[in-house]
Amino acid sequence: MDRSSLYHQARYALRHPDRIFPHLRRLSRDTWLRLRTDDHVAYYRAVMRSDTARSAEAAVGSKSHERWMRLGQMQFDYLVRHGLSPEHRMLEIGCGNLRAGRLFIDYLDPGNYYGLDISPDILVAAQETLVTHGLQARLPHLTPVRDLRLGFLPDAHFDVVHAHSVFSHSPLEVIDECFRHVGRVMKPEGWFDFTFDRTEGKEHQVLREDFYYRTETLVALADRHDLDAVFMADWENLRHKQSKIRVTRRA
């Protein structure tokens with residue numbers, strides 16, 4: 001379905017009248033931030049500042065602490081089942097307030113977790129998560145970034161790169177920028193797992209916050225940067241709203 005169409009929005013409003021006011025508030029914020037920001041990263045950094053001020057857990061898409069814990073565990077369990085080991089060096093793009101990161105940090109050897117985010121506000125919340133869960137001695141690296149060029153990171157450094165619910169909020173040029181640079185920081189045998197909002201119809205966006213892509217669009221984009229992309233069908237069994245793709249460097 002095209003969630004940006006007036007037809008869909010009208011039907012949704014009739015079925016969920018309690019969500020009309022939150023959507024109007026979101027629309028008003030979107031209009032205001034469009035006028036005050038020059039690019040998508042600046043826009044979404046402002047969105048995260050607004051959301052984090054209300055609730056850091058809600059800012060990363062968790063309406064309750066129980067859901068925050070459950071979604072983090074889901075991400076962790078999936079990666080462990082699909083090859084993550086304690087000795088691996090991991091880069092998490094869009095680490096947020098460490099919903100899954102707290103589990104990766106505890107599991108990986110000390111110093112092997114690197115978390116990036118465009119939002120300084122959510123990284124302050126991530127530091128609080130470290131303290132709450134007693135993870136300071138695991139020596140995680142938490143870094144704010146302006147873009148996804150990854151220029152400050154060394155070549156062939158990471159076994160695993162992970163981005164959950166990042167590309168679902170990214171226009172295609174941001175994803176392209178990530179694909180253009182992520183292969184450089186991955187080890188030859190490494191992999192990059194990311195989720196995205198999948199549509200089988202027309203690609204579209206809702207405001208500037210939610211983007212819906214066809215699988216073949218992202219697979220083709222990865223191919224342009226000498227990356228092989230595979231749709232992770234078993235992730236669908238977890239009934240998460242987003243889909244998952246794994247990218248590897250082409251031999």
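User: What percentage of the 251 residues of the chain count as buried?

Analyst: This is a predicted model, in which local features need pLDDT of at least 70 and side-chain atom pairs count only at pLDDT 80 or more, while totals for chains, interfaces and linings use all residues. Residues are numbered from 1 along each chain as its sequence is written, and side-chain values use heavy atoms, with hydrogens and water left out. Buried means under 20% relative accessible area, exposed over 50%, and partly exposed in between, with a 1.4 Å probe and protein chains only. Of the 251 residues, the share that counts as buried is 49%.

User: How many helices and strands are there in the chain?

Analyst: Both are DSSP runs numbered from the N terminus: helices are H or I with at least four residues, strands are E with at least two. The chain has nine helices and nine strands.

User: Why is the chain as compact as a globular protein of that length?

Analyst: The radius of gyration is taken over C-alpha atoms, and the globule rule is 2.2 Å times the number of residues to the power 0.38. For 251 residues the rule gives 18 Å, and the chain is as compact as a globular protein of that length because its radius of gyration is close to that, at 18 Å.

User: Among contacts between residues at least 6 apart in sequence, what percentage join residues at least 24 apart?

Analyst: Contact means heavy atoms within 4.5 Å. Among the contacts in the chain that link residues at least 6 apart, the share joining residues at least 24 apart is 70%.

User: How many disulfides does the count come to?

Analyst: A disulfide is a pair of cysteine sulfur atoms within 2.5 Å. The sulfur closest to that of Cys95 belongs to Cys178 and is 14 Å away, too far for a bond. Cys178 is likewise in no disulfide, its nearest cysteine sulfur being that of Cys95. The count comes to zero.

User: Is Cys178 buried or exposed?

Analyst: Cys95 has 5% relative accessibility and counts as buried. With 0% relative accessibility, Cys178 also counts as buried.
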